[in-house]
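Here's a quick tour for anyone opening this one for the first time. Take a look, then read on.

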Amino acid sequence: MAMEEAREAVGDYKVGWHDPEHSTIRFDSGLSEDVVRNISKIKDEPEWMTEIRVKAYHHFVDRPMPGFGDREALEGIDFDKVCYFLRSSDATEKDWGDVPEDIRNTFDRLGIPEAEQKWLSGVTAQYESEAVYHSIREDLESQGVIFLDMDSGLKQHPELVKKYFCSVIPYQDNKFSALNTAVWSGGSFIYVPKGVSVEMPVQAYFRINAKNMGQFERTLIVADEGSSIHYVEGCTAPTYSTDSLHSAVVELIAHEGAHIRYSTIQNWSANVYNLVTKRGIAHKDATIEWIDGNIGSKLTMKYPAVILKGEGSHAEVISVAYAGKGQHQDAGAKIHHLASNTTSKILSKSISKDGGRGSYRGMVTVSPKAENCKLNVVCDALILDDGSQTDTYPTMEVANPSARCEHEASVSKVSDNQVFYLMSRGHSEEEALAMIVNGFFEPFTRELPMEYAVELNKLMALEMEGSIG
Amino acid sequence: MSLKTPVLSIQGLHVGIDGTQILRGIDLNIRPGEIHAIMGRNGSGKTTAASTIMGHPDYEVESGSIELNGADLLELEAWERARKGVFLSFQYPQSVPGLQVGHFLRKSVAAIRGDEAAKGAPFRNALKSAMEEVSIPRSFLSRYVNDGFSGGEKKRFEILQLMLLKPKLAILDETDSGLDIDGIRVVSRGINAAIRGSDSGALIITHYSRILEHVKPDYVHVLIKGKIVKSGGPELALKLEDKGYEWLETNATEND
């Protein structure tokens with residue numbers, strides 16, 4: 001299905017309105033083994049999933065906070081105040097009038113349809129057009145692709161899920177992967193069979209599928225031998241959320257010769273802690289690409305990772321982060337070269353404005369047995385004003401001398417002369433800044449599906465408006 | 001209309017930067033279709049004059065006036081002046097990595113000449129012929145603005161913008177610097193195409209008379225220490241080429 005058609009179909013989704021469900025189940029805030037067991041019970045999960053949730057819960061309790069990133073901000077999380085499970089129908093209790101006006105204005109100016117605005121704000125819980133959902137799903141089903149929300153995936157394909165769940169990111173990986181494993185809900189489960197290429201980036205209906213977005217979403221994508229898929233998550237519109245903690249886990253498995261591209265663009269409201277663990281494992285000659293855009297949030301800690309396990313595999317992480325007032329983006333990438341002839345590329349770009357802080361934290365390792373690996377790391381920071389901050393924490397551990405490593409880092413400030421040059425061509429100061437900022441992000445933006453790229457450019461133009469004077 | 005309103009009218013202009021006075025009383029009138037040249041050595045205030053007319057915020061106008069077609073410019077920001085029809089070809093054009101030339105040109109034409117001018121076949125045709133005029137290949141459109149351009153490419157790109165933006169007043173600041181003779185010929189062709197036979201005016205700022213062999217000025221002014229010390233026809237440029245600035249500098253000092 002061509003992107004045009006998809007867009008046309010998606011543009012039509014008002015006709016697909018559903019009455020919101022009213023089966024509300026909400027747990028009191030706070031976490032205990034009982035809460036975890038109850039979540040599993042309500043979902044009617046198999047025993048093994050219950051057990052892994054419980055183990056993960058205990059690990060979460062015992063595990064200290066990460067010793068890096070913004071420790072002060074992390075200490076500000078009150079785990080007892082978080083509600084760990086709510087059916088999406090809860091969201092219908094919200095009123096459109098409660099959504100802050102600036103967020104509503106941003107929606108309007110990004111040109112997001114009103115129906116979608118409401119869904120994004122959590123005013124309506126369901127946002128699916130059956131027509132779109134089914135036509136795309138049927139298209140995929142005919143190729144044998146499994147494309148479900150994670151809960152349905154577990155119900156319909158328990159063996160597949162069991163085989164891969166926690167196989168790339170064990171719950172013991174870190175405190176937040178443990179938390180997610182204990183209380184996960186929603187997310188996507190995708191299986192692409194051998195040799196199948198999914199032509200269209202699969203974002204059209206996921207963007208409008210309420211089940212896919214949650215506080216503790218869990219996504220698992222398995223691309224079997226020689227298959228390929230491009231999955232797109234998120235949206236440039238500000239995700240208004242009264243929930244302060246979002247902690248997702250995404251696991252990717254690319255079997256021999258497979259290709260997975262995972263594109264994310266997220267724009268959280270400024271109260272949100274966004275602590276995400278994303279990791280893929282690439283087998284022989286496979287490719288995994290993370291295209292990762294982070295805007296907003298109070299604190300984001302996110303380092304998409306790839307384990308290059310099979311010979312000749314390739315990893316790419318292209319990320320941008322935009323840190324505005326009161327925001328800290330601690331983002332980067334991790335790549336482990338475990339096999340010979342593996343290659344990787346990291347491009348990380350951050351913008352800090354109005355006192356925001358962008359940090360690059362990256363790690364690339366080459367194991368002693370991995371011969372002839374090539375790695376390339378580029379991180380660029382752009383600072384828009386004096387009070388803003390950028391820092392980089394690059395780590396390279398290369399245990400095989402045959403590796404070829406390249407590392408470049410740059411920090412630049414927008415110069416008055418650059419702005420004046422653009423202004424002399426009829427562009428206001430805000431427009432000039434937006435051109436510079438969007439230009440800086442261009443190596444990222446060009447990797448996105450077109451409508452996302454257009455939205456991101458508009459969003460950055462809006463962000464620049466408040467910045468003058 | 002024999003007594004047309006000047007495109008550019010400058011009266012008694014005094015300009016300083018960081019408290020140092022650079023322009024010390026400039027008067028200049030450019031009428032429609034006229035090309036004027038300001039010549040002077042480094043530090044004489046040439047670039048200050050160009051930047052001030054365009055509206056660079058670092059330059060402080062202490063007294064005097066600048067009008068475009070009879071309307072005051074001083075209260076306007078640079079982008080507003082650009083939309084009124086002022087264009088500056090920069091001596092050192094700035095690079096904007098990631099901003100594609102084609103996209104930038106279209107946006108700039110839309111900002112200055114309106115959305116219609118930036119649309120469809122008319123825009124594409126204008127772009128194509130202007131690019132041919134200044135020998136810029138099509139592949140240029142997908143490069144980033146001035147990013148990695150050679151000195152000559154930067155200057156040709158400035159002239160391409162001049163041709164597409166169709167300003168009422170074009171200021172060309174040291175457009176010939178760093179160009180070889182072929183480069184000068186190419187940019188001159190573009191300047192002539194943009195200004196000659198139109199109601200626009202042009203102000204060419206230069207060290208040397210070389211470019212003036214290709215873009216014949218109607219008037220030549222000599223700027224020394226922030227003042228126009230002598231004005232004349234094109235023959236003045238030749239005389240400067242011959243004799244240098246020294247004979248005029250003596251005058252300037254006497255006038256103080």
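Let's start where the chains meet: 19 residues of chain A are in contact with 20 residues of chain B (contact means C-beta atoms, placed from the backbone, within 7 Å). On the chain A side, helix H11 (416-423) and helix H12 (429-445) each supply at least two residues, and H12(A) gives the largest share, eight residues. Helices (H or I, at least four residues) and strands (E, at least two) are DSSP runs, numbered from the N terminus.

A word on the source: this is a predicted model, where local features need pLDDT of at least 70, side-chain atom pairs count only at pLDDT 80 or more, and totals for chains, interfaces and linings use all residues. Residues are numbered from 1 along each chain as its sequence is written, while chains are lettered from A and ligands numbered from 1 in the order in which they are written.

Now for chain B, which has an open sheet of six strands with mixed pairing, in the order E6-E9-E10-E3-E11-E12. Strands pair if DSSP finds at least two bridges between them. E6(B) and E12(B) are the edge strands, each pairing on one side only. Inside the sheet, E3(B) and E11(B) run parallel, joined by four bridges, and Ile38(B) stands opposite His221(B) in E11(B).

Here are some of the strands:

| Strand | Residues |
|---|---|
| E6(B) | 86-89 |
| E12(B) | 227-232 |
| E3(B) | 35-39 |
| E11(B) | 219-224 |

Back in chain A, Lys374(A) is found in strand E16 (residues 374-383). Leaving aside neighbours within four places in sequence, Lys374(A) is in contact with Thr343(A) and Arg404(A).

Conventions
Contact = placed C-beta atoms within 7 Å.
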